[in-house]
Amino acid sequence: MAAPVSTVGKPSTERSPFNTTSFQKKTRTKLISIPGTRPSVQNGQLLVSTGVTSLDYLLGGGLAVGTVLLIEEDRYDSYSRMILKYFLAEGVVCRHELFVAAAQDNPDDILQELPAPILDDVAIHKPVEQPRLSCEPQDSLDAMKIAWRYQNLPKSALASSSRFGHYYDVSKTMEPEIRQAAKCHCFYLPEHPTHTMLESYSALLKSLQEVINREGFDVAAPMTKSRNILRIGLHSLGSALWGDDLSCHDNPRNGHALTTFLYGLRALLRSSLSVAVVTVPSHLIQDRALMGSITRLCDNAIALESFKGSERETNPLYKDYHGLLHVRQVPHLNCLASKLPDHKDLAFKLKRKQFTIEVNFFSNVF
């Protein structure tokens, strides 16, 4: 919306009696410039990378600052934990601050398992190939034939035209020098003795709020130093290790405890330069209506269905994948319509050095 022109303090000779309009040309709003972020081309929202390039593409370019990504864990919590470590490793490389909370494993142990970044410093010393000044007509014709032959084949890998984020080698762990350069805040539930799960979630929310206010992540706080992003990783909320009975009973007595926490978490994120990834063992929660409420309280939600221990593990149709990925909730912040993914049949696989999400074109064969 255009803003009115202010004429206060201008000499009367500069005012034209024929100037009947008080509007000026709309100017581009200056966005916050923070390393490791970029604005969305759809709504201008500030985005960060999840550490998985294919997941960034699926979420519309990245994870919006001020939002929550919910990951429904696979049965053995192998791949959901891997995505969480990707998210934290990307924060270390971008020099973002981290907040890690867990009830089973010490957050320090999770940080020591972060994958090693693949730095392309070697490309700097790589000699640049000189362009060819001329080419033979036959070579050009053969190249056109090859391009025409493959242009209509389905593309399985999800990838963006512009690179965002970094790549990681899951077969190696991050060097301690790189990991220790990032500032980390940890919340280990056994170190905060509580009696009920309401107190557990309340203590977690209070600790998170203290970090946001103390470190200056609140958008209303005065800019005493350069702005940064706080990456929040919350592991396996809703499990019995947090004192929650969602996975223990069909009708839990305190089924509202996790939803109440998510309300408070989303309120904190909306007013701060923070972004969160929350993993939940949804396969253990019997109340599907309650699980639907948990999903709707998050801005993005995906579910991982691992083939490990199932019939699909030996099915030749899925031999190239390790599981299926289901999109439960798409981001819809600051936009009139949500951007739906191009494909619904998605699968993931963990290669020797990389976790990727691809389109499964053979899921509807039978």
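Where pLDDT is low, predicted coordinates should not be read in detail. The protein chain averages a pLDDT of 80, and 75% of the residues score at least 70.

The model is predicted: local features need pLDDT of at least 70, side-chain atom pairs count only at pLDDT 80 or more, and totals for chains, interfaces and linings use all residues. Residues are numbered from 1 along each chain as its sequence is written, and side-chain values use heavy atoms, with hydrogens and water left out.

Helices (DSSP runs of H or I, at least four residues) and strands (runs of E, at least two) are numbered from the N terminus. Helix H6 (residues 197-214) packs on H7 at an angle of about 5°, with the axes 10 Å apart. Axes are lines fitted to C-alpha atoms, for helices over the stretch in contact, and angles run from 0 to 180 degrees between N-to-C directions. H6 and H7 are therefore roughly parallel (angles under 35 degrees; over 145 is roughly antiparallel, 65 to 115 roughly perpendicular, the rest oblique). From H6, Met197, Leu198, Tyr201, Leu204, Leu205, Leu208, Gln209 and Ile212 take part. They meet Ala257, Leu258, Phe261, Gly264, Leu265 and Leu268 of H7. This contact has twelve nonpolar, two polar and no charged residues. Ala, Val, Leu, Ile, Met, Phe, Trp, Tyr, Cys and Pro count as nonpolar, Asp, Glu, Lys and Arg as charged, and the others, Gly among them, as polar.

Helix H7 (residues 257-270) also packs on helix H8 (residues 288-296), at about 5° and with axes 10 Å apart. This makes H7 roughly parallel to H8. Leu258, Thr259, Leu262 and Arg266 of H7 contact Leu290, Ser293, Ile294 and Arg296 of H8. By class, four are nonpolar, two polar and two charged.

The second largest pocket has a volume of about 270 Å³. A pocket is an open set of points on a 1 Å grid over the protein atoms alone, where a 1.4 Å probe fits, with protein on both sides within 12 Å along at least five of seven lines; lining residues have an atom within 4 Å of a point. Grid points are joined across faces, edges and corners, and the volume is the space filled by probe spheres set on them. The lining holds 17 residues, with Glu73, Arg75, His283, Leu304 and Glu305 nearest the centre. Strands S11 (300-306) and S12 (323-329) each give two or more residues. S11 gives the largest share, four. Three lining residues are nonpolar, six polar and eight charged.

Definitions and conventions:
Contact means heavy atoms within 4.5 Å. pLDDT is the predictor's confidence in each residue, from 0 to 100.
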